[in-house]
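Subject: Structure handover

Hello,

Here is the structure we talked about. Please open it first, then read the notes below.

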Amino acid sequence: MTNFPLRAIPVVLLGSLLGAHAALAETAQIGVPSNGALIFRVNCASCHGLDGRGQGSLAPQLAVPPGDLRDPAFLSTRSDDALLTVISRGGAALKRSKTMPAFPTISDLDRWDLVAFLRQGRLKVADFFPNARFFTAKSYPLDKNAQQRLTALFGRPLTAAESRMTVVTAYGKRPTGDAVGPELVAQDPVSLDRLNPKEKTGYLVFVDLPAGTEMMSYGVALAKDGSITRIASETGLGKPAFDLPYQGFVGQGQKGQPGSLKPGKTPPASAQAFKNAYARILESIGLFDKEERDRHWAD
Amino acid sequence: MWRSRRWMAVASGLGLALSTAALAQRVVRPSDAPPPIVIPVAPPPAPEVKKAPTAKTPTEAPPVVGGNKTADDVTTGVAKPAPAFKDDLTPEELARQAAAAKLATPGTKCVDCEAVYHRKFESTSFNLHVRPPSLVVGDVGQLVFEIADILDPPDPEFGDRRPVVGEQLVAKVEGGGTYLLHPTGIAGSYGMHFIPTADGLRHVAIARADGRAGLSVDLQVAVGRPPQLVSKAVDIREAQPLGAKQAVEPIRATMTELGTVWGGLWNVALTGHGDAAALAKLLPGLAQETLGHVPQARATDRANFDLLARSFVQSSSDISKASGPDLKAALAKMQGQQCDRCHAVYFYGITDDVSDWPRFEPSKAEETR
C-alpha cells in the first residue's frame, strides 16, 4: 500500500472510462472459447501443454519445439485466419514448422472455437487501441548499434531474449458500427501499402516485467511521439489495480529520450526494469519507423 | 427431481462434447440433403406418440404444439393439446410425424438432426439450420445461415436462387452476445457456435459486420422449447457434415467419438459438470473398436498398432474407477501413457518406435523438418 502512486489514480479512472467506451463498441466474438478449450485439451495439449506454453509431454522430443501460445507477441503476429489455416492444414501450409500436423477432422466451426480459446484472456491490440482499424506486427532483432547503446545504458550485455522485440503499430479509425476488431495487415509490400503513416495512432510492444515475485508479460502502448499511453498485463485487464505499480509511467516518455522516465513511487527494482524495457522499446520502434520511412520515401 | 438433475448432468456432460465434434461432422447440404420431415401445421401429433415414453424427456418436455399455437403460447406456457386428426394421415405420415416430434423434443440428444427455418425478406432468402433442433442451455449450439438472392426471372446458371458469397456477417443473439459468422465452405452458407444461457425463444439478428445496410434479418431459435413454436413450417431432418463429403477410415470415426467422450470426461474433471461414470462406460467399447483398425498410412505396422490398442483396451476400464480429484490424475496419466504414445506414431507421425516410451527417437522424416 505504501507503494500506491497517487498520480496513478486519474490514470486508472481514465482507463476505466476508456474500458467502458470500448465495451460500448461491441466487437463480435469469433467463437466459443469454452468449447475451444475442450478441443485444445484433446487435440493440442500433448505438444503445446495443458496451459499452451509449449511444454506438453511430447514437446521435449520434437525436432521443432511447439510455440508458446500464450505469448501475446507471438499471437499478435498471427491473424485469426492464419491460426485457423495452421490448425486446418498444418504448419507447412504457411511455411512454418512441418512438425505441426493438420487437423482436418476438427470441423471449421470447432476450429474457430479453438482460435477463440487461444485469444481468450491474452493481451491484444484491441485492448490498447480499441478504435484502430488496422495494425501490423513484426519481430525485430535489435541491430548492432542499438545493442551497443543499450549495453552502455544497462551496464551489461543484452540477453538473447532482450535483443529481439515485436512491434505492433496501429493505424486508422474503425468506422462506426463495424463489429470487427482491428485487422492485421500482413508483412508484404502490397499489403503494407494500405497503411498511411499519417494515420498511425501508436505503437504496442510486449515486455516481461516483474510482478511481485514473478515475471509477467505486459503490453506497453505508446503514442506516435513515444509517450506511454497505457500499461497493462493480462491480469490487469480484469483487475486494473494489479498494474498500479507501473501506472506512474503513463504519460511520460518521448522518442529519442530513453532516460527521461521518472520512477515516482514505483518500487526501485520494478522502475529499473521498466526503464530498461522502455529503452529497448524505443530502439525497436526506431527500427520500425526507419522501415516505414524507407517504404514511403517517394510519397 | 433428483432423477431429472442427474439426467441433466449426464446430458450436459456428454452433450457439450457431442455438440462440438460430432455435430460439426455432419452436414448442411441443401443439394443432397435427405427429404425434410415437415411438421404439419394443422394436425397435432397423434396421442399415441405423445404417450410413448421415448417422446418424453426426464425433464418433462413441453407438449409438441400444433394447430394454431404461436410463439406467445410458449413464453406464457399455455400450450394446450390440440384436437387430433390422425385419421387424415397415412401410417407413413404418422410415423414421420412421430419421428419428427421425437427429434424436436427439447433435451433430446439428437446429434444427427437439425431444425431448418425458412424466411424471405425483400429479395433475399434465409434458411437457418439449427443443431440440435431444440438448443440446450449450457451446451454448444450450431447455427448455419444459408443466404441466397431470389432471382426473378430465374438465372440460367443459378436458377431462382443465387448464393450470397464473400460477405462478412455478424449475428447478435438475444442475451448471448455478438458473433462473427464464418463461411462454412458451401457457397452462401455462414455458421457460428454459441451457448444459450436461458430457455425460451431467442432472437438472432444478422447483419453485415461493417454496419452497412442489407442482409439484415431477425430470426428466432428455440432453446429448451419445441422448434415448432418458432415456426409451424420448420423442417426437422437428419443433417450431414459441413464441407465436402469424404471417405472416413474406421479408425478416424472411432477416434472422433473417443475424442468426444474424452473431452466430456475432461470437462467433468475440471468443472464437475456432467456424469463421468456414464461417459467412462463408453470408453472400453470404443477402445475395443480400435483393435485391427490400423490407419491405412501405416498399414504395414499393424502388429505394433494392435499391441498398443490392446494395452489401451485394458487400461480404458481404469477410468471408470476414478472419481473426483482422482479423475483428473487418471485422465492425465492415460493421456500421457496411452493416447500420446499411440498418437506419436499413428497420428502425428513424429516417430516410428515408442517401445521405450516416454523416450523415443524422432523419425527420419521428422529430423529433416
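Buried means under 20% relative accessible area, exposed over 50%, and partly exposed in between (1.4 Å probe, protein chains only). Helices (H or I, at least four residues) and strands (E, at least two) are DSSP runs, numbered from the N terminus.

This is a predicted model, where local features need pLDDT of at least 70 and side-chain atom pairs count only at pLDDT 80 or more, while totals for chains, interfaces and linings use all residues. Residues are numbered from 1 along each chain as its sequence is written, chains are lettered from A and ligands numbered from 1 in the order in which they are written, and side-chain values use heavy atoms, with hydrogens and water left out.

Strand β8 of chain B

Six of the six residues of strand β8 (residues 189-194) of chain B are buried, so the strand is largely enclosed by the rest of the structure. B:Ser189, B:Gly191 and B:His193 point one way. B:Tyr190, B:Met192 and B:Phe194 point the other way. In a regular strand the side chains alternate between the two faces of the sheet.

Two strands pair if DSSP finds at least two bridges between them. Strand β4 (residues 141-155) of chain B runs antiparallel to β8(B), joined by six bridges. B:Gly141 has B:Phe194 as its bridge partner. Strand β7 (residues 177-183) of chain B also pairs with β8(B), antiparallel, over two bridges. There B:Pro183 stands opposite B:Tyr190. The hairpin of β7(B) and β8(B) has five residues between the strands, and B:Gly185 takes a positive phi near 100 degrees.

Cores

A nonpolar core is a set of buried Ala, Val, Leu, Ile, Met, Phe, Trp, Tyr and Cys residues joined through side-chain atoms within 4.5 Å. The largest has 40 residues. A:Phe40, A:Leu58, A:Val115, B:Phe305, B:Tyr346 and B:Ile350 have the most contacts inside it. Elements giving two or more residues include α6 (108-119) of chain A and α7 (302-316) of chain B. α6(A) gives the most, with five residues.

B:Thr290

B:Thr290 lies in helix α6 (residues 276-290) of chain B. B:Thr290 is buried, at 4% relative accessible area. Leaving aside neighbours within four places in sequence, its contacts (heavy atoms within 4.5 Å) include B:Ile251, B:Met255, B:Phe305 and B:Phe312.

Confidence

pLDDT is the predictor's confidence in each residue, from 0 to 100. Chain A has a mean of 86, and 91% of its residues reach 70 or more. Over residues 1-25 of chain A the pLDDT is below 50.

Best wishes
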